[in-house]
Amino acid sequence: MDTTTRGCLVKVLLFVLGAVVGTGMTTVFAVVVLLPSTETVSADQGTPGVWVKKRESLLGSADYEVWLGPSEDRGHVVTIPNGWDHTPDVVRGEAGVELGFDNGGRIFVPASAYTGGRWRCGGRDSMGGVDEQLRVGLVGAGPWAHRVHAPGLADHPGTRLTAVWARRPEAAEELAHPYGAAVVTSPDELLSTVDAVAFAVPPEVQAEIAIKAAQQGKHVILEKPIASTLDDAERLADAVTQSGVASLVMLTKRFAPETEEQLAQLHAAGGWIGGNARWLTGALLDGPYSHSPWRHERGPLDDIGPHAFDLLDAALGTITEVVTANRSDAGLWQFVFAHEGGATSSATLTMTVPLNPSISEVSVFGEHGYRAFADRGTTAQQSYTNLLDDFVAMVDSGTTTHRCDVRRGLHLQRIIEQARRKSEA
C-alpha cells in the first residue's frame, strides 16, 4: 500500500471517528440541556402524600407539578397552571384532595385518581390499578347510544367502553357485544367497575344515576336536558361540584370547531343587538327517535330547546329572562328572550313538521349587519370525539370547569323551567 493510499485511509478513519464522537457529544448535550431536572420544593405528609416538584431545564424553562400518591416518586401528577403560586393549601377529604392557591384557583383531585388511576413513576408514566385509558360505563342502549356514544367511547384512544347497563338486558347485550364491553345488571354494578359514566337515557333516569355517580367520584358525560326538573338539575350540579369530578354536557354544535370559531368572531366584533334561532324537524313523526316516550311527552322545549338556547346565549350574552313563551296545539313553540347587555332574541321550535333534512339555523344582527352560523358538516360523531378529547384532558389534569359543564346544563334547565311556566300562565 503506497503512502498516498495510507494517507487517504487515515483521513477516512479520522472522519468516521470524529462523526461518532461528535454524535455522542451531541447526544450528551441534548440530554443535559433538554431533559429537565426535578427538585422537590415542598412536601405535605398524609394520605395521600402531596409533593410539589419543580421541573427545570438548563435553557431556563420551568414548570411545577403536584404529585399525589404513596411516595415522593410515585403518584398521580397534576400540573400547576402558569402564574399560580407553588405552595397550595392541601385539604383532604373522603372524595379527594383539594389544592387551594393564593389567586383563588382550586384544583380538585378525586380519590380515584391517586388510588389506582394513572400514576407516574420517576419520569415515566405507569399505571396503578386500571388501564391508562379511562374506563367508561354507558347507561342506555337506545338509538343515540348506538349511533354516537358506544362507537365514540370504543374508538377514542383515551377511553375504553367497559360496561353497559340498560333497562332491557337484551338491548344492553346487543350494544355491548361488538365492543367487548360487559353487560351489568344494575347501575350500582356499573359504578363499581368504571372511572366515568356516559348517559343516553331519559332525563329523569339520568339525573338520579348521575347524582349517585358523582357522589362516588365518577366523572360524567351528560345528555341535555340534564334532568327533568329544575330541583333535580340543581341536586346534580351540587353533587358534581361538591365531589370535584369532571362533567360535560353533549351540546352537539358547541363541540363543532366551526361553531367556536364563529362565536369567537362574533365576540371580537361586538355590537350585536338581536338574534333568531329556528329548529324545525319531523323527529316525532318518523325516524329512530319517533317512538321516544319522553320526547313525545316533553316535546321540543326539552329536546332541541337546549341546543337553540345555548347558541343564542353564547352568541348574544347570558339569557336573563324568558319574555314570552307560547306553545300551539300543533306543538310549535315560540319564544322571546332578554339577554345580559340589552340584546333580545327569538326562537321557533317544532318536531312535528315533515322536513328532510331538518332545519337548524341561528343568526344575529347588529351594527355589523347580519351573520348566520355556517354549518360545515361536522357530524354528531365528530362532535362527540371532540367532547371526549376535552373530557379526557379534564380528568387527566384535574380540571372541573368547561364552557359545557354541568353548570351550563343547569343554566339551560332554568331557561326551560321559566319557558314552561310562561307558556302555562
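**A tour of the predicted chain**

Of the 425 residues of the protein chain, 48% count as buried (under 20% relative accessible area with a 1.4 Å probe, protein chains only). This is a predicted model, in which local features need pLDDT of at least 70, side-chain atom pairs count only at pLDDT 80 or more, and totals for chains, interfaces and linings use all residues. Residues are numbered from 1 along each chain as its sequence is written, and side-chain values use heavy atoms, with hydrogens and water left out.

Start with the whole chain in cartoon. The chain has twelve helices and 21 strands (DSSP runs numbered from the N terminus: H or I of at least four residues for helices, E of at least two for strands). Of its contacts (heavy atoms within 4.5 Å) with a separation of 6 or more, 61% link residues 24 or more positions apart.

Next, select 305-316 and 406-424, which are helices H10 and H12; they pack at about 110°, with axes 10 Å apart (lines fitted to C-alpha atoms over the stretch in contact, angles from 0 to 180 degrees between N-to-C directions). H10 is therefore roughly perpendicular to H12 (65 to 115 degrees). Show side chains: Pro-306, Phe-309, Asp-310, Asp-313 and Ala-314 in H10 meet Arg-408, His-411, Leu-412, Ile-415 and Ile-416 in H12.

Then move to 319-327 and 333-339. These are strands S17 and S18, antiparallel and joined by seven bridges (strands pair if DSSP finds at least two bridges between them). Pick Arg-327, which stands opposite Trp-333 in S18. The two strands form a hairpin with five residues between them, and Gly-331 in the turn has a positive phi of about 85°.

Note on methods
Buried < 20%, exposed > 50% of the residue type's maximum accessible area, 1.4 Å probe, protein only. Parallel < 35°, antiparallel > 145°, perpendicular 65-115°, else oblique.
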